[in-house]
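Good morning, and thank you for joining this group meeting. I shall present one protein chain and ask you to follow along in the sequence and the structure.

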Amino acid sequence: MKLPPVIVIQLIHISGPLKGEIQEFTEGTIAIGRHPSCHVKFPREFTSISRNHAEIVREGNQFRLIDRSANGTFVNGKKIQEIYLKEGDVVMFAEGGPKVSFLTQMKEGQVVTETPSPPLKIEYKEESKIPLQVPVVHEIPGKPEMVQKEVIPPEIAAPPVVSTQKVKVSLIIQYGPTIRSFKEVPITIGKHPGCDMFLDHPAIYDRHTQIFFTQNQYWVKDLTGKGLVQINRSAIGLQSPIKPDDEISLSPQGPVFRFLGDGRLAEVEEPLVEKPSVSHDKEKEVTKRNIPEGKTSKDLLSMLKNLLKR
C-alpha cells in the first residue's frame with residue numbers, strides 16, 4: 001500500500017563540527033543543542049551552544065524556528081527569537097557558531113528519519129540492574145606481553161524530548177485576582193507581550209514556561225534554559241508531566257502553582273513570616289496580596305472550580 005507523501009526537513013551543515021553532513025527529519029519538533037536527547041546534537045566542548053539551544057516546530061506546512069539559548073540564534077545573519085523558516089535560509093547557532101542550510105523535500109511512499117546512533121552496550125548485575133563500568137584493554141606498542149586497562153564509565157541516556165502539538169483541551173489558570181481560561185494548548189507563559197499568559201513577576205523571563213498536553217496528560221516545559229522550573233522542589237530539566245496536587249514553582253522566587261487536576265492550576269500563596277517590626281495594620285496589607293476587596297484565596301479557588309461546572 002502506497003503511503004501518502006510526507007515533508008522531509010533537510011539540514012545541510014555548511015560549517016562547524018558536523019560540516020558536510022545532511023540530516024533529514026519528519027518529526028513534529030526537532031530539538032537542537034548539546035543535550036544527549038537532541039535530534040541535532042553538537043559536541044559537549046562547543047560551550048557556546050546551549051544544551052537545548054533551539055527548536056524547529058512544524059505547523060501544518062510551515063516550520064517555526066524558536067530560540068531557547070543564552071548566546072542567540074541567527075537566520076541569514078539576523079538574531080531572532082522565533083521565525084518561520086523559508087527554503088534556503090541559513091541558520092547560525094550562537095555568534096560565529098555552526099551554520100546549517102534549511103531545505104524541505106516532498107517524498108512519497110516513505111518516511112525518512114534521522115539515522116540513530118549505535119546503541120550503547122551496558123552490562124548489568126543480575127540482582128541489582130546497576131550499570132557496570134566496562135574495561136577497555138589497550139596493548140602497549142612493542143611490548144605485546146604488557147597491556148594497559150582503561151575504565152570508561154557508561155553514558156546514561158537522557159529522557160527523550162516529547163513533541164508539543166496543538167490539542168483542544170481545557171486549561172484554567174488562577175494567578176492573584178486573575179483567572180484565565182484556555183480551550184487549546186500549548187500555551188506560553190512569560191513577560192513578553194506575545195505570550196498567551198502575561199505574568200508580571202520579577203523572576204519571570206520573557207518566554208518562561210509552556211503548558212502542553214500529550215500522552216493523555218498535561219506537561220510543563222522550561223523555556224528559560226536555566227533549569228528554573230521545579231515540580232515539588234525538584235528541577236524538571238527540559239520538561240515533565242504533572243499530576244494532581246503537584247506544586248509547580250516557576251523559579252526559586254516563585255510564583256508557585258498547584259495542579260488541581262482536569263487542567264486547573266491555582267496559585268499557591270507563600271506562608272507569611274512574622275516580623276516584630278511590622279505592625280498589625282501593615283500585616284493585614286501584606287496578607288491581602290493583590291486579592292480584591294471582599295475576596296479571599298478560598299473564594300478564588302471556588303471560582304476556579306465553578307468554571308469547570310459550566
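Cys38 counts as buried, at 7% relative accessibility. Cys195 is buried as well, with a relative accessible area of 9%. Please bear in mind throughout that this is a predicted model.

How many disulfides does the count come to? The count comes to 0 disulfides. For those new to the term, a disulfide is a covalent bond between the sulfur atoms of two cysteines.

Let me now describe the chain as a whole. The protein chain has 2 helices and 25 strands. Of its 310 residues, 39% are buried. If we take the contacts between residues at least 6 apart in sequence, 37% of them join residues at least 24 apart.

Next, I turn to the charged pairs. A search of the whole structure finds 8 salt bridges. One of these pairs is Glu55 with Lys221, whose closest N and O atoms lie 2.4 Å apart. This pair links distant parts of the chain, since Glu55 belongs to strand E5, residues 54–59, and Lys221 to strand E19, residues 217–222.

Are the two partners buried or exposed? Glu55 counts as buried, at 4% relative accessibility. Lys221 is also buried, with a relative accessible area of 2%. Both values fall under 20%, the cut-off for a buried residue.

A second salt bridge is formed by Glu82 and Arg207, with 3.2 Å between the closest N and O atoms. This pair, too, links distant parts of the chain, and its members are 125 residues apart. Glu82 sits in strand E9, residues 82–84. Arg207 is in the loop between strand E17 (197–198) and strand E18 (209–214). Glu82 has a relative accessible area of 33%, and is therefore partly exposed.

Together with Glu59 and Arg64, they are linked in a network of salt bridges.

Asp246, by contrast, is buried, with a relative accessible area of 6%.

I move now to the empty space inside the model. Rolling a probe the size of a water molecule over the atoms shows where empty space is left. For cavities of 30 Å³ or more, the count comes to 1. The largest cavity has a volume of about 60 Å³.

What kinds of residue line the largest cavity? Its lining has 8 nonpolar residues, 1 polar residue and no charged residues. To find the place in the structure, look for Ile173, Ile189, Thr209, Ile211, Val220, Ile248, Leu250, Phe257 and Leu265, which line the largest cavity.

The last part of my presentation concerns the backbone. Most residues other than glycine have a negative phi, and most peptide bonds are trans. I shall point out some places that depart from this pattern.

Where are the cis peptide bonds to be found? One runs from Val185 to Pro186, with omega near 15 degrees. Pro186 is located in the loop between strand E15 (178–182) and strand E16 (187–190). Another cis peptide bond joins Gly254 and Pro255, with omega at about -5 degrees. Pro255 is likewise in a loop, between strand E23 (247–249) and strand E24 (256–261).

As for phi, Asn76 has a value near 55 degrees, which is positive in a residue other than glycine. Asn76 lies in the loop between strand E7 (73–75) and strand E8 (78–80). With a relative accessible area of 49%, Asn76 is partly exposed.

Asp245 also has a positive phi, near 75 degrees, and is again a residue other than glycine. Asp245 is found in the loop between strand E22 (239–241) and E23. At 56% relative accessibility, Asp245 counts as exposed.

To close, let me return to two points. The search of the whole structure finds 8 salt bridges, and the count of disulfides comes to 0. Thank you for your attention.

Methods:
Residues are numbered from 1 along each chain as its sequence is written. This is a predicted model: local features need pLDDT of at least 70, side-chain atom pairs count only at pLDDT 80 or more; totals for chains, interfaces and linings use all residues. Side-chain values use heavy atoms; hydrogens and water are left out. A salt bridge is a side-chain nitrogen of Lys or Arg within 4 Å of a carboxyl oxygen of Asp or Glu. Helices (H or I, at least four residues) and strands (E, at least two) are DSSP runs, numbered from the N terminus. Buried means under 20% relative accessible area, exposed over 50%, partly exposed in between (1.4 Å probe, protein chains only). A disulfide is a pair of cysteine sulfur atoms within 2.5 Å. On a 1 Å grid over the protein atoms alone, a cavity is a set of points where a 1.4 Å probe fits but cannot get out, and a pocket is an open set with protein on both sides within 12 Å along at least five of seven lines; lining residues have an atom within 4 Å of a point. Grid points are joined across faces, edges and corners, and a volume is the space filled by probe spheres set on the points. Ala, Val, Leu, Ile, Met, Phe, Trp, Tyr, Cys and Pro count as nonpolar, Asp, Glu, Lys and Arg as charged, and the others, Gly among them, as polar. Contact means heavy atoms within 4.5 Å.
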